[in-house]
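Q: Could you walk me through a few local features of this one? I'd like to start with one residue and its surroundings, then move on.

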Amino acid sequence: MKLSKPKYIFVTGGVASSLGKGIISSSIARLLQARGYSVTIQKLDPYINVDPGTLNPYEHGECYVTEDGTETDLDLGHYERFTNHPTSRANNVTTGRIYKSVIEKERKGEYLGKTVQVIPHITDEIKRRIQLLGQQKIYDVIITEIGGTVGDIESLPFIESVRQLRYQLGVKNTCLVHLTLIPYLAASGELKTKPTQHSVKALLENGLQPDILVLRTEHPLSADLKRKVALFCNVDANAVMESIDVPTIYEVPLKMHEQHLDEVVLSKLDMPADQEPDMDAWRDFVERVKNPTKVIKIALVGKYTELPDAYKSISESFVHAGAVNKCKVKLCYVNSEKLTEANIGETLGGMNGILVAPGFGNRGIEGKILGVKYARENNIPFLGICLGMQCAVIEFARNVLGWTDANSVEMETKTTHPVIDLMEEQKEVTAKGGTMRLGAYPCTLRRGSKVAEAYGKLNISERHRHRYEFNSEYRDQFEAAGMKTVGTNPETGLVEVVEIPELRWFIGTQYHPEYKSTVHNPSPLFVAFVKAALEYSEEKK
């Protein structure tokens, strides 16, 4: 840490949602890190859910899990992948969590009989949460991304809290970055600035003046257009940035640096900009992503395939692993509900690898089991994650051990072979939110196994999100038939990894290796899986 106390950057969005506030926040963090500053990012989400753990992925995309076992917004995955720094419970705040905290304080009598109101009680709690990371005294800069769009009813308390904080902390200690859209009207062939003007006007009505504008666009912006936006929005001309579509999100920090975004931010915060950012390793990574020497196809078999964001960490892990192996991983999303014996050969026959995705519930489960069977019988490199690993266990029990009714008690409580059972500590749990086995746990790998070879060590730590586990009562039968339990929790004996050594590469993990994969530290398991798929594709030629 270079500074005596942290500076704060706030990132808001206007015009439309999903413009990429998380990527811009992550890009700023990456650039400031490259200049030697310590940075963290937090997300303020306006929804009233306490966390996204109970949300359907179609509602909000992937539920990301931090080291400390917090279920969070998927943007925290971007934060970690860009900064290579773990996040925690303090990095994600929701309206639900804010109101829950305030109501609990009111019930305890902490407000001394006062009427509890949005201002000051809700805004005070939001401000406390925003500054919580700063109390650790290890960050020079704390970036706060505010979810939603300026003008949303749900976002108003967060916007008001930022207004108060900017006044309390001082002009040189805060910086407001506003991300908007410059739409292109094909009929007239024009780029339109009016939506951005209205978005900034909405901010001004709430007492906030942006310091920097980042304009999302599909077409290059002229210098005249940028000057026009700066004039109408009370922003310095050098503080208007173009954020044009790029082949990979990892190119965004480089594009922002070309426009001196990091220098402008540091100037607004009155911070030294004398150290040029070291982005050489990042540029090398981006070059490998953009210029692969080979292409492989890997099928992702899941039930949320219509929304790729439901598997965001998995898809990004393949980007990282592909770069290591100097190849592009073409991810083919296969809806497990539509996978049948009749079409499986046509669907998966041309794949170089098969991944069966995590998930919950009975819907699409038989298609996932079919995907496992096809990979096993055709000796195609296979990776099963969480429920995907459990499907591998069920498939092996049915088709190798001959227990035709084998199943998970999650799917069938009356099965006579419950090879996947509810964890002991989960049997008395009734609440759904935040009650699973969550976060990082240790795992000991068996020497000589393919998974140990992938990690290059025997003791690892990976993140979890599950209620069900491999039923250890059947462990000996599986081992004897060829499916080895090669990874276990050293404290509880929970089976974490299964493997079939006789096959080319067949591994299932109860944990989620995708959660810890970053640009600078790709998941070893994904790297090994892509390598196996690459070798398989070469053999097929």
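**Contacts and salt bridges**

A: Leaving aside residues up to four places away in sequence, Asp211 touches Arg166, Thr174, Cys175, Leu176, Val235, Ala239 and Lys268. Please keep in mind that this is a predicted model.

Q: Where is Asp211 found, and is it buried or exposed?
A: Asp211 is found in the loop between helix H7 (194–205) and strand S10 (212–217). Its relative accessible area is 16%, under the 20% cut-off, and therefore Asp211 counts as buried.

Q: Which side chain makes a polar contact with the side chain of Asp211?
A: That is the side chain of Arg166, at 2.6 Å.

Q: How far apart are the end C-alpha atoms of H7?
A: They are 16 Å apart, which agrees with the 16 Å that the 12 residues of H7 should span at 1.5 Å a residue. H7 is followed by Gly207, whose phi is positive, near 85°.

Q: Changing topic, how many salt bridges does the structure hold?
A: The structure holds 36 salt bridges. Among them, the side chains of Glu251 and Lys290 meet with N and O 3.2 Å apart. Glu251 lies in the loop between strand S11 (240–244) and helix H9 (252–258), whereas Lys290 is in helix H11 (residues 280–290), so the pair ties together parts that are 39 residues apart in sequence.

Q: Are those two partners buried or partly exposed?
A: Glu251 counts as buried, at 10% relative accessibility, whereas Lys290 is partly exposed, with a relative accessible area of 34%.

Q: Last one: which residues form the nonpolar patch on the surface?
A: Tyr99, Ile103, Val118 and Ile119 form that patch, with about 340 Å² of accessible area together. Helix H4 (95–107) and helix H5 (118–132) each supply at least two of its residues. Val118, placed in helix H5, is partly exposed, with a relative accessible area of 39%.

Key
Residues are numbered from 1 along each chain as its sequence is written. This is a predicted model: local features need pLDDT of at least 70, side-chain atom pairs count only at pLDDT 80 or more; totals for chains, interfaces and linings use all residues. Side-chain values use heavy atoms; hydrogens and water are left out. Patches are made of residues with over 30% relative accessible area and no salt bridge: like charges are joined within 9 Å, nonpolar side chains (Val, Leu, Ile, Met, Phe, Trp, Tyr) within 5 Å. Accessible areas come from the Shrake-Rupley method with a 1.4 Å probe; for residues, only the protein chains shown count as cover. A salt bridge is a side-chain nitrogen of Lys or Arg within 4 Å of a carboxyl oxygen of Asp or Glu. Helices (H or I, at least four residues) and strands (E, at least two) are DSSP runs, numbered from the N terminus. Buried means under 20% relative accessible area, exposed over 50%, partly exposed in between (1.4 Å probe, protein chains only). A polar contact is a pair of N or O atoms within 3.5 Å; within protein, one must be able to donate a hydrogen and the other to accept it, and residues adjacent in sequence count only if both atoms are side-chain atoms. Contact means heavy atoms within 4.5 Å. The expected span of a helix is 1.5 Å times one less than its number of residues.
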